[in-house]
Amino acid sequence: IIKNNFKFSKLNLAVSTPYISVIIPVYNRTQYVGEAINSVLNQTLSKDKYEIIIVTNVDLPEREGVRIIKSKERWLGPKIAEGIEEAKGEVISLLEDDDLFLPDKLEVVFKIFRENDKIGLVKNPIKWVNELGKEWLDPLPKEPIIISHENLKLDLISEVISKYNVGFNNSSMSFRKRDIKEYLPYLREVKIIVDKFIGLLFLFTSQIVIWNQPLSIYRVWFNSASYKLANLDQYIQYRSSFKRLVYEDYLTIHKALKNSRFSELLEKWIKYEKVSLKLWSRNANEVKVTLKDVLDAAPLYNPKFPKLMILLVYLASFMPYFLRKKLIFERFYKNELRNLKFM
């Protein structure tokens with residue numbers, strides 16, 4: 001880990017335009033995207049240095065300075081891959097359709113990438129805002145940090161991922177198009193955890209920057225896709241489907257990075273996701289987990305998670321469904337309700 005003050009003292013601002021392509025994937029909702037677009041149009045960076053691309057499966061009105069790509073794709077990975085293929089910029093910045101950029105986001109991103117040609121990805125802290133107006137921030141390093149895959153060691157990975165949320169939240173990441181082009185076939189297979197795919201890809205193959213100030217706003221909605229909490233049964237159904245998709249996406253990530261020296265660690269994360277999927281599946285017998293899987297398993301954000309806890313999760317998966325629902329799922333459901341409203 002190398003600390004850097006990024007004074008941009010010798011920066012040459014002359015570049016081909018647009019230099020940054022902002023990609024906004026839009027799903028089956030349009031109520032927030034206007035604010036997302038406005039947050040990009042109101043950047044301090046000159047408008048000739050960036051473009052806005054919307055990849056959507058719904059009809060949206062034309063807007064000056066916004067390019068709309070109509071997509072038939074259902075999942076997030078293929079949508080973003082389409083946007084990347086159409087992008088004119090050297091750098092890609094992602095923005096979810098209900099999130100916002102702070103006004104200096106693109107100016108900071110522009111200067112970082114222009115300062116150092118070896119930087120592959122910039123991860124900025126985000127400001128979280130819920131429907132009650134409560135705000136909280138990602139962890140902020142005292143100064144920007146550069147992490148190089150060449151010097152990255154296994155014992156630092158969990159710290160980097162958990163402490164600075166690397167590999168989390170699309171709206172916090174900007175990256176070089178050249179460094180992801182060969183991985184687009186894999187990105188097209190990723191259904192939902194695009195943030196993990198991109199974050200881990202660059203963490204394991206490039207240099208990344210952890211910025212020290214928030215540049216994006218993540219809005220936590222009670223009824224958003226991330227929180228299907230209308231009732232317990234709906235929550236369980238959502239979590240079960242979500243866990244299966246996450247497990248399948250991790251298999252894709254491992255396939256994309258199987259030649260990296262972190263392949264063994266990825267396998268441990270996959271085994272943890274398989275144990276978790278077994279717990280949440282209505283018919284847990286559909287998921288085959290061995291004792292070796294349990295002993296090898298490690299969660300992404302805490303590889304040192306106690307093996308006893310993973311073993312208990314595995315044993316709990318053999319409970320009849322009604323017992324898991326009463327003793328486990330109901331508790332998770334109440335905790336998520338409480339955290340969403342009051343965190």
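Modeller: K271 lies in helix α8, where helices are DSSP runs of H or I with at least four residues, strands are runs of E with at least two, and both are numbered from the N terminus. This is a predicted model, so local features need pLDDT of at least 70 and side-chain atom pairs count only at pLDDT 80 or more, while totals for chains, interfaces and linings use all residues. Residues are numbered from 1 along each chain as its sequence is written, and side-chain values use heavy atoms, with hydrogens and water left out.

Colleague: Is K271 buried or exposed?

Modeller: K271 counts as buried because its relative accessible area is 19%, and the cut-offs are under 20% for buried, over 50% for exposed and partly exposed in between, with a 1.4 Å probe and protein chains only.

Colleague: Which residues does K271 touch?

Modeller: Leaving aside residues up to four places away in sequence, K271 touches K292, D293, D296 and A297, contact being heavy atoms within 4.5 Å. With D296, the side chain of K271 forms a salt bridge of 2.8 Å, N to O, a term that requires a side-chain nitrogen of Lys or Arg within 4 Å of a carboxyl oxygen of Asp or Glu. That pair links distant parts of the chain, with K271 in helix α8 and D296 in helix α9 (residues 291-296), 25 residues apart. D296 itself is partly exposed, because its relative accessibility is 21%.

Colleague: And what does D293 form a salt bridge with?

Modeller: D293 pairs with K274, their closest N and O atoms being 3.2 Å apart. This pair also links distant parts of the chain, D293 being in helix α9 and K274 in helix α8, 19 residues apart. D293 is buried at a relative accessible area of 9%, and K274 is buried at 17%.

Colleague: How many salt bridges are there in the whole structure?

Modeller: A search of the whole structure finds 19. Among them is K326 with E330, at 3.7 Å between the closest N and O atoms; these two are separated by about one helical turn because they are 4 residues apart in helix α11. E51, R67 and E86 are also linked, in a network of salt bridges.

Colleague: Changing topic, how many aromatic pairs are there?

Modeller: The whole-structure search finds 14, counting rings of Phe, Tyr and Trp (its six-membered ring) whose centres lie within 6.5 Å, with planes under 30 degrees apart called stacked, over 60 edge-to-face and the rest tilted. Y235 and Y333 make a tilted pair, because their ring centres are 5.3 Å apart and their planes are at 50°. They link distant parts of the chain, with Y235 in helix α7 (residues 232-256) and Y333 in helix α11 (residues 321-342), 98 residues apart. Y235 is buried at 1% relative accessible area, and Y333 is buried at 12%.

Colleague: Which residues are in the cluster that ring pairs link?

Modeller: The cluster consists of Y235, W280, Y321, F329, F332 and Y333. Within it, W280 and F332 are edge-to-face, 5.7 Å centre to centre with 70° between the planes. W280 lies in helix α8 (residues 263-280) and F332 in helix α11, so this pair ties together parts that are 52 residues apart in sequence. W280 is buried at 3%, whereas F332 is partly exposed at 37% relative accessibility.
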